[in-house]
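Visitor: Could you walk me through this model, starting wherever you like and letting me jump around?

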Amino acid sequence: MHQPPKVPLKLFRWFCTDRYVEEIEGDLFEAYQDWRETKSKLTANWLYWWTVIRSFRFYLMKKHTSNPSMFLLMLSHFVKTALRGSLKHKPHTFINLLGLSIGIATSLMLAMFIADEARMDYDLKDKELIYRVESYNALRSQEGFNGRVHTGLGPALVEMIPEITHQTRMGKLNWTVMIEEDEKRSFFQEEFILTDSTFFEFFPLEFIHGSEKQVLTKVGDAVLTESLALKLYGTTDVVGKELNTTTRYNQQYFVKGVVKDPKPHSSIQFNILIFKDTHLDNIRFPLSVRSAMYIKVLRSVSPKLLETKINKTIKPIVSGKTMKATTFKLSSFQDAKYDKHTDDTIIEARDKQMYAVFAMVAIFILVLAIINYTNLTAARALQRGQEAGIRKIIGAGRKSFFFQFVTESALMCFLSLAIALLLTVLTLPSFEQAINRPLLFNYWVDPWFWGIVISAIILLSTIAGIYPAILVSRFRFSEFIKGNIANSTKGALLRKSLVIFQFAVAIIMIVSATVVKDQIDFIINKKLTYKPEQIILVENTVSKNLGLFRDQLSRIPDVNLASVTTSPPGGSSHRVSSDRNVFGQAIYQHNIDHNYAELLNFEFISGENFNPEKPSINEEEVIINETLAKLIQSVNPKNVNEPLSETYQFTVEPVKIKGIIKDIHMESLYESVKPMIFAYEPSNGFNVSRVLIEIRTDQIQETISAIEDLWTEVIPDQGFNFQFLDSRFEKLYTSEIRLGKIMSVFTSIAILISCMGLYGLIMFSIQSKTKEVGIRKVMGATVSQIVMLFNRQVFWLIGLAVLVAIPIAYWTMNNWLNGFAYHVDISALTIILTICSSFVLAFLTVFFRSYKAANANPVDVLRSE
């Protein structure tokens with residue numbers, strides 16, 4: 001005789017009316033025996049399942065009747081019982097409410113932040129059809145893909161490939177706008193995007209004045225945002241007004257339109273759009289200014305097939321070694337937003353990995369809070385043996401226990417939600433300050449937000465109530481009759497496993513937060529050859545008087561030195577040299593003056609600095625860094641004994657090597673030091689330049705005021721915009737600094753929740769062992785022995801948590817650190833301190849409660865025995 005599967009049989013008995021259940025069950029049994037004789041067990045089971053499912057007929061189903069008043073009476077009874085129990089056991093209630101409230105509030109804030117990022121560009125029309133074109137140059141393979149391409153590529157693609165319907169090219173620049181009114185000049189540093197008339201096909205905006213067809217049609221056309229128009233002119237009715245920039249040869253523009261500001265959740269942010277000069281935009285020209293380029297394609301197009309077609313179409317018509325060695329790739333608009341390795345200067349790439357970390361932190365903290373509640377409720381449920389016994393005597397089954405505990409957990413979770421919402425409102429400004437921006441959406445009036453939150457709370461209530469209900473319902477009637485079941489070992493393994501999980505998560509977060517902090521301190525405070533906190537950077541300027549300004553700064557007592565350069569440290573403001581070099585790598589060019597090396601404390605390995613008395617000779621020589629020197633020696637393109645003594649065509653003209661300096665960090669520590677040349681450039685006003693000014697830090701405000709007065713005197717037609725060099729460096733690590741702040745806060749929260757859970761469990765453990773403690777004291781046990789009795793129970797749990805957590809934390813953070821070219825190592829001291837702090841926290845958590853129990857009078861405990 002073969003037994004049919006139990007699950008479908010139980011399902012059948014549940015829905016089938018009593019009138020037919022015996023008859024049909026017998027038929028099913030006989031059919032199953034026949035199937036097992038003629039078919040395999042798997043097939044017989046499948047047929048049995050299928051027959052049961054087919055039996056779902058209306059006339060076979062039980063007619064369920066319910067009394068709404070009885071249900072409400074039972075529900076009110078459960079609510080009253082829960083409220084009475086909560087008021088009776090105030091410490092338990094406080095720990096549960098506090099843990100759940102903090103867990104829900106923390107997860108809520110992180111969830112809003114992640115949702116904020118996920119909803120970026122959610123309303124952009126046809127965003128799934130927009131792709132960024134990226135280039136890869138085989139001659140500079142180390143650079144990977146570039147987010148900027150030949151500006152002639154876009155029109156060629158639209159003309160030659162029918163699957164591409166539109167293209168737009170963009171370049172973002174920070175320029176100074178000059179407004180002259182009543183012989184008074186005002187200067188404003190603003191974000192410009194150089195683009196063409198197809199921009200609005202991709203990123204539509206509402207026009208306040210002008211229209212999409214009338215703007216960006218010729219050189220000199222400009223479109224302002226509403227906020228900038230009000231800022232510059234005090235009105236939005238500015239069509240036809242003149243606009244002057246002072247950072248590009250005093251270029252003059254005319255306002256052709258005013259648009260609403262880009263929405264805060266748009267990835268494309270700007271203040272001014274200006275028409276891009278297109279007279280050199282021919283794909284057949286080997287040289288071109290590079291621009292970010294986006295295309296829009298037909299819906300049925302495969303990106304991979306289109307990539308292949310682009311490369312096959314473009315390759316035959318380009319000229320020059322660079323373009324012949326270039327291939328193109330398509331990146332969807334969504335992927336481009338999260339690509340930190342392929343910069344196009346238009347979209348500020350977001351760190352997708354960081355959001356994944358925040359999502360995990362939110363989930364873990366919520367899980368820790370739920371584990372706390374579940375463990376404490378299960379422990380208290382075991383102490384409610386008499387109540388559970390009486391309920392079992394009068395016929396309560398598993399469903400009744402399940403409904404009771406779920407009702408209690410729902411009540412606790414919704415009370416915690418109310419407190420969590422209050423905590424979220426109070427702490428949201430601080431959270432926004434930590435992430436360095438406000439949340440973009442108002443979630444408090446979003447019905448989807450409330451629907452998800454309430455659904456999540458109902459789910460959490462169900463999960464939190466299931467375990468205590470199952471635990472209590474597993475006890476037999478006789479066990480309840482015997483009295484207290486608090487000392488039962490049922491469920492103990494699961495509870496201990498949950499404690500281990502809690503502390504493992506907390507230990508992982510402690511290690512992670514420590515490593516992140518160490519790395520941030522390393523990259524910000526890394527020993528440089530110069531002191532960025534003492535160097536002022538005056539931003540983009542084009543003026544013939546820059547050299548005079550630099551020299552006149554010596555009149556100010558607190559100015560040590562000044563230098564004019566196109567390439568200050570702390571970013572990517574450098575030029576990539578010509579591909580005429582023969583070293584197989586791009587050489588990065590920095591144009592400097594004779595003070596630059598001294599100001600940044602270049603350490604010369606050989607050779608010397610530029611001589612200001614010999615400008616013509618300076619222009620025939622370059623200073624190179626150690627990395628480039630090693631590259632020249634390894635490649636040795638001229639096959640000579642002393643390759644560093646030769647002349648090389650790094651850029652347009654052949655130059656000699658004047659000096660070699662030790663490697664200096666000019667960019668983010670994500671990047672390794674690149675081969676660099678430092679070329680001499682006189683301050684002739686033909687290039688956009690910046691001024692580096694080293695000052696003493698005693699009288700900062702007075703010194704800056706004196707510098708600004710001198711600037712106004714020497715260069716009156718330019719705005720004075722400056723920042724300290726250390727803040728320029730810090731901007732390179734915005735996401736890392738943000739990660740460090742958030743990790744520190746939420747690690748503290750995880751530790752707090754874990755310790756609260758441990759405290760609650762020890763509290764119940766002590767309550768269940770009060771008689772044991774009393775007997776031990778009567779038998780001569782000391783206070784320290786009783787304290788260690790309880791601590792031993794905890795220490796081995798913490799030890800297991802350490803064994804689980806440390807390898808995971810080490811592997812995770814080592815992978816994160818490998819993203820930096822220069823990083824700290826995870827030290828043994830960090831691991832040891834984390835382990836020691838975990839045991840100390842556990843000891844302190846247990847000590848206060850166990851010490852109180854150990855000092856209790858055993859007479860009071862044993863009086864009833």
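Visitor: Where is K544 found?

Guide: K544 is found in the loop that runs between β13 (535-541) and α18 (546-552). Helices here are DSSP runs of H or I with at least four residues, strands are runs of E with at least two, and both are numbered from the N terminus. This is a predicted model, in which local features need pLDDT of at least 70 and side-chain atom pairs count only at pLDDT 80 or more, while totals for chains, interfaces and linings use all residues. Residues are numbered from 1 along each chain as its sequence is written, and side-chain values use heavy atoms, with hydrogens and water left out.

Visitor: Is K544 buried or exposed?

Guide: K544 is exposed, at a relative accessible area of 65%. The classes are buried for under 20% relative accessible area, exposed for over 50% and partly exposed in between, computed with a 1.4 Å probe and protein chains only.

Visitor: And how far apart are the C-alpha atoms of K544 and P682?

Guide: They are separated by 9.7 Å, although K544 and P682 are 138 residues apart along the chain.

Visitor: New topic: how many disulfides does a search of the whole structure find?

Guide: The search finds zero, where a disulfide would be a pair of cysteine sulfur atoms within 2.5 Å. In general, a disulfide is a covalent bond between the sulfur atoms of two cysteines. As for individual cysteines, C413 is buried with a relative accessible area of 1%, whereas C836 counts as partly exposed at 40%.

Visitor: What about salt bridges, how many are there?

Guide: The count comes to 23 salt bridges, a salt bridge being a side-chain nitrogen of Lys or Arg within 4 Å of a carboxyl oxygen of Asp or Glu.

Visitor: Give me one of them: what is the distance between the closest N and O atoms of D446 and R119?

Guide: Those atoms are 3.6 Å apart in the salt bridge that D446 forms with R119. D446 lies in the loop between α14 (398-435) and α15 (447-473) and R119 in the loop between α5 (90-118) and β1 (130-137), so the pair ties together parts that are 327 residues apart in sequence. D446 counts as buried at 16% relative accessibility, while R119 is partly exposed at 26%.

Visitor: Which residue does K172 pair with?

Guide: K172 forms a salt bridge with E191, and their closest N and O atoms are 3.8 Å apart. K172 lies in strand β4 (residues 164-181) and E191 in strand β5 (residues 184-195), so this pair ties together parts that are 19 residues apart in sequence. K172 is buried, with a relative accessible area of 19%, and E191 is partly exposed, with 28%.

Visitor: And D551, what is its partner?

Guide: D551 forms a salt bridge with R550, with 3.2 Å between the closest N and O atoms; D551 counts as partly exposed at 43% relative accessibility, and R550 as buried at 12%. Elsewhere, salt bridges that share partners join R132, E134, K329 and D339 into one network.

Visitor: Switching to the surface, which residues form the nonpolar patch?

Guide: V7, W46, W49, W50, I53 and F56 form the patch, which has about 630 Å² of accessible area together. Those areas come from the Shrake-Rupley method with a 1.4 Å probe, and for residues only the protein chains shown count as cover. Patches are made of residues with over 30% relative accessible area and no salt bridge, with like charges joined within 9 Å and nonpolar side chains (Val, Leu, Ile, Met, Phe, Trp, Tyr) within 5 Å. Helix α3 (residues 41-54) gives the largest share of the patch, four residues, and W50, which is in helix α3, counts as partly exposed at 42% relative accessibility.

Visitor: Which residues of helix α6 are buried?

Guide: In helix α6 (residues 153-160), L153, G154, A156 and L157 are buried. They cover an arc of only 165° around the axis, taken from the directions from the helix axis to the C-beta atoms, which puts them on the same side of α6. The buried residues of α6 pack against β1, β3 (148-150), β4, β11 (290-297), α9 (303-314) and β12 (326-332), where contact means heavy atoms within 4.5 Å.

Visitor: Last one: what is phi of L216?

Guide: Phi of L216 is near 55°, a positive value in a residue other than glycine. L216 lies in the loop between β6 (207-209) and β7 (221-225) and is buried, with a relative accessible area of 0%.
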